[in-house]
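This report goes through selected features of one structure. Please read it alongside the sequence and the coordinates.

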Amino acid sequence: MKLPVYLDNHATTPLDPRVLQAMLPYFTEKFGNAASRNHSFGWEAEEAVEKARKQIADLIGAHPKEIIFTSGATESNNLAIKGVFQMYAEKGNHIITAATEHKAVLDTCKHLEQEGARVTYLPLKGDGLIDLDMLREAITDKTILVSIMYANNEIGVVQPVAEIGRICKERGVLFHTDAVQAAGKIPVDVNRDGVHLLSLSGHKIYGPKGVGALYVRRKGPRVQVTAQMDGGGHERGMRSGTLNVPGIVGLGEACEIARLEMDQEMARAGELRDYLKNRFLTELDEVFINGSMEHRLPHNLNISFAYVEGESLLMGINDIAVSSGSACTSATLEPSYVLKALGLGDDLAHTSIRFGIGRFNTREEVEYSANRLIEVVKKLRELSPLYEMVKEGIDLSKVQWTAH
Amino acid sequence: MAYSNKVLDHYNNPRNVGSLDKSDPNVGTGMVGAPECGDVMKLQIKVNGAGIIEDAKFKTFGCGSAIASSSLATEMLKGKTVDEALAIRNTELVSELSLPPVKIHCSVLAEDAIKAAIADYKKKTGAPAEAAAQVH
Ligand SMILES: Cc1ncc(COP(=O)(O)O)c(C=O)c1O
């Protein structure tokens with residue numbers, strides 16, 4: 001087993017060697033510009049791009065013509081939300097999203113608020129799911145877009161996307177979903193789910209970084225977005241710029257592999273995740289799972305090891321790559337806004353660790369990680385005044401702390 | 001984030017972890033910080049008849065730098081008089097541990113913990129400041 005062990009597959013995933021093989025020729029001998037219409041270099045590149053478009057479309061039950069290539073999901077989210085806001089300005093200015101969305105959605109919405117958008121940030125239930133009744137009530141005749149992520153990048157909670165799609169359809173509102181963490185991992189189908197726009201990213205599904213796609217529905221209804229970049233009018237005028245052919249080939253190949261291997265991968269990752277979870281739950285006390293276990297990506301675990309601060313835990317397991325919701329590990333020194341949105345106290349948010357099991361993790365790696373985590377949590381609890389107090393029967397919520 | 005070797009050393013081999021008997025009149029206990037802020041330090045000193053801190057213990061919930069700051073603080077406390085202990089400044093911890101700017105609050109908290117432990121000790125022994133001053 002090679003150290004360190006990588007269990008942070010929600011942040012990014014390694015490139016699948018099969019994806020790399022598919023990409024390589026497009027850096028060197030097949031270097032053509034897919035927009036070159038009058039020689040074989042261009043045709044070859046275009047053919048590769050169209051193949052990738054179909055591979056991506058097949059993963060999400062879409063038509064290839066509905067796939068727009070982007071530089072990643074940050075761009076896809078920006079294009080979807082800003083593009084709809086501008087394109088449908090006559091219809092209304094209200095956008096509904098949720099408090100646990102990725103910053104690429106939240107900050108895009110914040111930006112649009114300065115341009116006259118009214119945005120509703122739906123709160124979440126304690127299990128991380130949105131309240132469908134609240135969504136229904138939030139929709140007004142000015143609402144043009146609902147943007148709710150398919151699955152959350154921290155807690156892996158999967159939203160009731162098909163029901164959201166149905167509500168949006170009934171009310172004649174467009175539905176965008178950030179499916180970065182879900183597409184390729186669990187079955188996603190734009191028709192079953194009633195999705196109008198969907199973002200995905202290469203590097204979360206064993207494809208390359210810097211490439212993504214936006215699905216834009218073409219029929220029932222035909223959806224359009226205003227381009228956010230001016231230029232040569234590529235991608236049906238919605239996204240100008242010479243196509244990143246090797247990246248696109250990689251994204252396509254990654255989607256095809258994900259589609260073909262999804263069933264077995266879900267089962268394998270789920271089994272390893274449950275092993276990890278069960279080890280923690282049986283060998284440690286005072287551990288709390290964050291977010292619904294039932295509506296959750298099979299490869300995600302987000303768990304708080306109470307009374308052990310997250311950064312100190314990461315320091316102790318420095319041969320395992322995971323991430324923490326602790327403030328100390330974030331640039332803002334604020335604990336995870338996702339966990340806070342679930343109503344988790346800052347004290348528990350500070351002690352949370354996110355695990356993301358990936359395609360290339362072995363059972364041995366997961367066992368090793370469980371052993372190390374348990375060992376370090378026990379050691380740090382011996383150092384923890386909070387754990388000591390709890391063991392003495394003191395109710396920490398009644399203690400007068402000297403906040404600083 | 002990269003940690004200095006000193007921080008790593010204190011984190012991996014924390015000195016003086018544990019608890020002293022809170023009810024012992026010669027023991028002063030300081031508890032500072034809050035769980036919501038991500039760090040809580042408990043620091044205890046035991047002062048002998050000559051007014052010298054003969055033992056110090058800590059327990060810390062917090063990041064590696066907070067653990068290292070309190071571990072180092074207990075080391076510095078041992079053998080000092082109460083007044084000498086009061087003179088310990090967070091900047092000494094910062095330079096000894098090479099703490100980066102974002103971790104300075106950990107050293108401030110450790111200084112606060114020292115002060116709180118001494119205040120508790122003085123409260124217990126009655127005539128605080130003067131008694132401590134006379135040991136010189
Ligand atoms: C849910 C979600 N949305 C969007 C993004 C951004 O994707 P990209 O890195 O492709 O811009 C990420 C990844 O960080 C993500 O997890």
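## Basis

The model is predicted. Every value given here was computed from it.

## Ligand site

The ligand is surrounded by 13 residues, and the closest are A:T74, A:D178, A:S201, A:H203 and A:K204. Helix α3 of chain A, residues 73-87, contributes three residues, the largest share of this shell.

For A:S201, an N or O atom of the side chain is 2.6 Å from a ligand oxygen. A polar side-chain atom of A:K204 is 2.8 Å from an oxygen of the ligand. The side chain of A:H102 places an N or O atom 3.2 Å from a ligand oxygen. On its own the ligand would expose 400 Å², of which the protein buries 86%.

## Salt bridges

Over all chains, 34 salt bridges are counted. In one of them, the side chains of A:R354 and A:D8 meet with an N to O distance of 3.0 Å. The partners come from distant parts of the chain, 346 residues apart: A:R354 belongs to strand β13 (residues 352-356) of chain A, and A:D8 to the loop between β1 and α1 of chain A. Are these two residues buried or exposed? A:R354 is buried, since its relative accessible area is 11% and the limit for buried is under 20%. A:D8 is buried as well, with a relative accessible area of 12%.

A second pair is A:E271 and A:R363, whose closest N and O atoms are 3.1 Å apart. This pair also links distant parts of the chain, with A:E271 in helix α7 (residues 245-283) of chain A and A:R363 in helix α11 (residues 363-383) of chain A, 92 residues apart. A:E271 is partly exposed at 45% relative accessible area, and A:R363 is partly exposed at 36%. A:R363 also forms a salt bridge with A:E367, at 3.0 Å from N to O. A:E367 and A:R363 are four residues apart in helix α11 of chain A, so about one helical turn separates them. An α-helix has 3.6 residues a turn, so residues three or four places apart point the same way. A:E367 counts as partly exposed, its relative accessibility being 31%.

A network of salt bridges links A:D16, A:R18, A:E261, A:E265 and A:R359.

How does the span of α11(A) agree with its number of residues? At 1.5 Å a residue, its 21 residues should span 30 Å, and the end C-alpha atoms are 31 Å apart, which agrees. The buried residues of α11(A) include A:V366, A:A370, A:L373, A:I374, A:V377 and A:L380.

Helix α2 of chain B covers residues 64-77. Its 14 residues should span 20 Å at 1.5 Å a residue, and its end C-alpha atoms are 20 Å apart, so the two values agree. The helix is mostly covered, with 13 of its 14 residues buried. Just after α2(B), B:G79 adopts a positive phi of about 90°.

## Surface patch

A:L15, A:L20, A:L24 and A:F27 make up a nonpolar surface patch of about 320 Å². A:L15 sits in the loop between β1 (5-6) and α1 (17-23) of chain A. With 30% relative accessibility, A:L15 counts as partly exposed.

## Backbone geometry

Where are cis peptide bonds found? One joins A:L3 and A:P4, with omega of about -5°. A:P4 is in the segment before β1 of chain A. Another runs from A:G220 to A:P221, with omega near -5°. A:P221 is in the loop between β8 (212-216) and α7 of chain A.

In chain B, B:N16 has a positive phi of about 60° although it is not a glycine. B:N16 lies in the loop between α1 (5-12) and β1 (27-34) of chain B, and its relative accessible area of 16% makes it buried. B:S98, also a residue other than glycine, has a positive phi near 50°. The place of B:S98 is the loop between α4 (90-97) and α5 (104-125) of chain B.

Definitions and conventions. Residues numbered from 1 in each chain as written. Chains lettered and ligands numbered in written order. Predicted model: local features only at pLDDT ≥ 70, side-chain atom pairs only at ≥ 80, totals over all residues. Heavy atoms only, no water. Helix = DSSP H or I, 4+ residues; strand = E, 2+ residues; numbered from the N terminus. Expected span 1.5 Å × (residues − 1). Buried < 20%, exposed > 50% of the residue type's maximum accessible area, 1.4 Å probe, protein only. Patch = residues over 30% accessible without salt bridge, like charges linked within 9 Å, V, L, I, M, F, W, Y side chains within 5 Å. Areas by Shrake-Rupley, 256 points an atom, 1.4 Å probe, with all protein chains shown as cover. Salt bridge = Lys/Arg side-chain N within 4 Å of Asp/Glu carboxyl O. Near = heavy atom within 4 Å. Polar contact = N/O pair within 3.5 Å; in protein donor to acceptor, adjacent residues only side chain to side chain.
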